[in-house]
Amino acid sequence: MSIAVQPAVSRRHVPAVAVAVAVAGLAVSAWNPHERTTWFLETVWVLVGLPLVVLTRRRFPLTDLLCCLLAAHALVLAVGGHYTYAQVPLGDWVRDTFGLDRNPYDRFGHLMQGFVPAVLVRELLSRTSPLRGSRWLAPLTVCACIAFSAVFELLEWLAAEVGGHSADAFLATQGDVWDTQWDMFCALIGATVSVLVLSRLHDRQLDALGVSATSGGAASTSAPRTSTGRTTRPPR
């Protein structure tokens, strides 16, 4: 007699758990942050993206992988917004322990800026364009992430022009004249590693959602089928 072991968190509950984690992290970070304006600038992506994901969850459900990564990225942004990236305590510990010349949390944040959006872009392209199964999917995904990173750096420049010294905490340059270039390079590394490491897992989860590549390379979405050939619908 075999006993099936149920996972601690059912797959159908992963998106809800991810949303709860992101909301909790955002709420904690909003409590007495170092600078309220910096907190808003750093977390605005979560404030806009989280409601969007929730409102479109039935019409466009995301893979569990993407939900978990978006929640993790939300926590990274929330921590950076609460302390400012240059003053995150964990980054100070890493700097002092390894003898670095700056708090590296900002670099980590930009690695995540490439790592997580790579899966988001890959999912959107796989499900809304003919690129699923195409050799162009990976390079175009990385290029999109670099473009987003460049736009973010332009927004930082605009914030510096408008806010002057008050925008220093948002910029987190820490005196590095090459900070902009380093930020985009970190995003490039993050996006490239994400595509190389997570593509197979991501494809399996896309298949579970019923997203498949046709012979012409176009992505088609259909409900997954059981072993008997019957069509099933994802849980709502």
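This text walks through a predicted model of one protein chain, from its overall makeup to single residues.

Start with the secondary structure. The protein chain has eight helices and two strands.

Next, consider how the chain packs. It holds 236 residues, and 37% of them are buried. Take the contacts between residues at least 6 apart in sequence. Of these, 70% join residues at least 24 apart. The protein chain exposes about 13900 Å². Carbon and sulfur atoms supply 66% of that area.

How far does the predictor trust its own model? The mean pLDDT of the protein chain is 84. A value of 70 or more is reached by 79% of the residues. Two stretches call for caution. Over residues 214-218, the pLDDT is below 50. This stretch has seven contacts in the model beyond near neighbours in sequence. Residues 225-231 also have pLDDT below 50. For them, too, the model shows seven contacts beyond near neighbours in sequence.

The largest nonpolar core has 22 residues. Which of them have the most contacts inside this core? They are Val46, Leu65, Leu69, Tyr105, Val119 and Leu198. Several helices build the core. Helix 1 (14-29) and helix 2 (36-55) each supply at least two residues. So do helix 3 (64-83) and helix 5 (105-128). Helix 3 gives the most, with eight residues.

Leave aside residues up to four places away in sequence. Leu65 then touches Val119, Leu198, Leu201, His202 and Gln205.

Finally, look at one more residue of helix 3, Ala72. Is Ala72 buried, partly exposed or exposed? Its relative accessibility is 30%. Buried means under 20%, and exposed means over 50%. Ala72 falls in between, so it counts as partly exposed. Ala18 lies 54 residues away along the chain. In the model, the C-alpha atoms of Ala72 and Ala18 are separated by 8.4 Å.

Key:
Residues numbered from 1 in each chain as written. Predicted model: local features only at pLDDT ≥ 70, side-chain atom pairs only at ≥ 80, totals over all residues. Heavy atoms only, no water. Helix = DSSP H or I, 4+ residues; strand = E, 2+ residues; numbered from the N terminus. Buried < 20%, exposed > 50% of the residue type's maximum accessible area, 1.4 Å probe, protein only. Contact = heavy atoms within 4.5 Å. Areas by Shrake-Rupley, 256 points an atom, 1.4 Å probe, with all protein chains shown as cover. pLDDT = per-residue confidence, 0-100. Core = buried A, V, L, I, M, F, W, Y, C linked by side-chain atoms within 4.5 Å.
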